[in-house]
Amino acid sequence: MTRLREILRDRKGNGFPLAIAITLALVIIFCGISEYIRLLIIAQGVRDAVQTAVISTVNDNYDDVYHGVREGYSGGYQPMAGDFEESLDYGDIYGRLEEVLGLSYQGGTRVKFTEDGKTEFRVWGLDVDIENAPLAGGDRAGNRFVANCEIELEVPVSFGGRLLPAMRITVATSAGYTPRF
């Protein structure tokens, strides 16, 4: 019995449970931070791909932009019977996104799958708004050929082996054309 009392009064090894608790807490914090960084990387990659697609659309409109170099116009117009008519090309932004991001069409959305077949992210709801510069407005602040684009992004979130509510954001980007002499 005295031997048992000596063992219970001995304080050696009391830091062991605390060390395990601190290690587990750090692992949980690291997992949360790594999931957050994964979401940021996916959102940034989708934004960059959408930006590339919108810039390509603006470049596709280059051939229709009225080149009034002397006046500095940058609107999408074509000469038509002594006047100018608006001429815009919205391009194939979804097609470019499918090519750049490796998306596949499924149920009304474009989906990116991981190597093991799980959904990495999905995009839908593309909205492209092309703002044509006024024909006689020149290229002052705000008067240029601009393409604004918004798309919905959904990324599944998992933590501790469980799926949590997905992150849904609207990715917005813009690109413009200004003629250079």
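1. Negative patch. D127, D129, E131 and E150 come together on the surface as a patch of negative charge. For the bookkeeping, patch members need over 30% relative accessible area and no salt bridge, with like charges joined within 9 Å and nonpolar side chains (Val, Leu, Ile, Met, Phe, Trp, Tyr) within 5 Å. Asp and Glu count as negative, Lys and Arg as positive, while His and the chain ends are not counted. Each charge is placed at NZ of Lys, CZ of Arg, CG of Asp or CD of Glu. Strand β5, residues 119–131, is the top contributor to this patch with 3 residues. E131 sits in β5 and is partly exposed because its relative accessibility is 37% (buried is under 20% relative accessible area, exposed over 50%, partly exposed in between, with a 1.4 Å probe and protein chains only).

2. What you're looking at. This is a predicted model, where local features need pLDDT of at least 70 and side-chain atom pairs count only at pLDDT 80 or more, though totals for chains, interfaces and linings use all residues. Residues are numbered from 1 along each chain as its sequence is written, and side-chain values use heavy atoms, with hydrogens and water left out.

3. Layout. The protein chain has 3 helices and 7 strands, and along the sequence they run α-α-β-β-α-β-β-β-β-β. These are DSSP runs numbered from the N terminus: helices are H or I with at least four residues, strands are E with at least two. Of the chain's 181 residues, 30% count as buried.

4. The core. Which residues have the most contacts inside the largest nonpolar core? They are V46, L97, F121 and L153, in a core of 27 residues. At least two residues each come from α2 (15–60), α3 (93–101), β5, β6 (145–159) and β7 (162–177). Helix α2 supplies the largest share, 9 residues. The rule here takes buried Ala, Val, Leu, Ile, Met, Phe, Trp, Tyr and Cys residues joined through side-chain atoms within 4.5 Å.

5. Nonpolar surface patch. L18, I22, L26, I29, I33, Y36, I37, L40 and I41 make up a nonpolar patch on the surface, with about 910 Å² of accessible area together. Areas are from the Shrake-Rupley method with a 1.4 Å probe, and for residues only the protein chains shown count as cover. Y36 belongs to helix α2 and counts as exposed because its relative accessible area is 52%.

6. If a side-chain nitrogen of Lys or Arg lies within 4 Å of a carboxyl oxygen of Asp or Glu, that's a salt bridge, and the count comes to 5. One of them joins R38 to E35, with the closest N and O atoms 2.7 Å apart. Both residues are in helix α2, 3 residues apart, or about one turn of the helix. Is each side buried or exposed? R38 is partly exposed because its relative accessibility is 28%, whereas E35 is buried, given a relative accessible area of 13%.

7. R47 and D48. These two side chains also meet in a salt bridge, 2.8 Å from N to O. R47 has a relative accessible area of 29%, so this residue is partly exposed. D48 has 33% and is therefore partly exposed.

8. R122 is partly exposed because its relative accessible area is 22%, while E154 is buried at 13%. Shared partners put R122, E154 and R168 into one salt-bridge network.

9. One more contact to check. E152 is in strand β6 and is partly exposed because its relative accessible area is 26%. The C-alpha atoms of E152 and W124 are separated by 5.3 Å, with the residues 28 apart along the chain.
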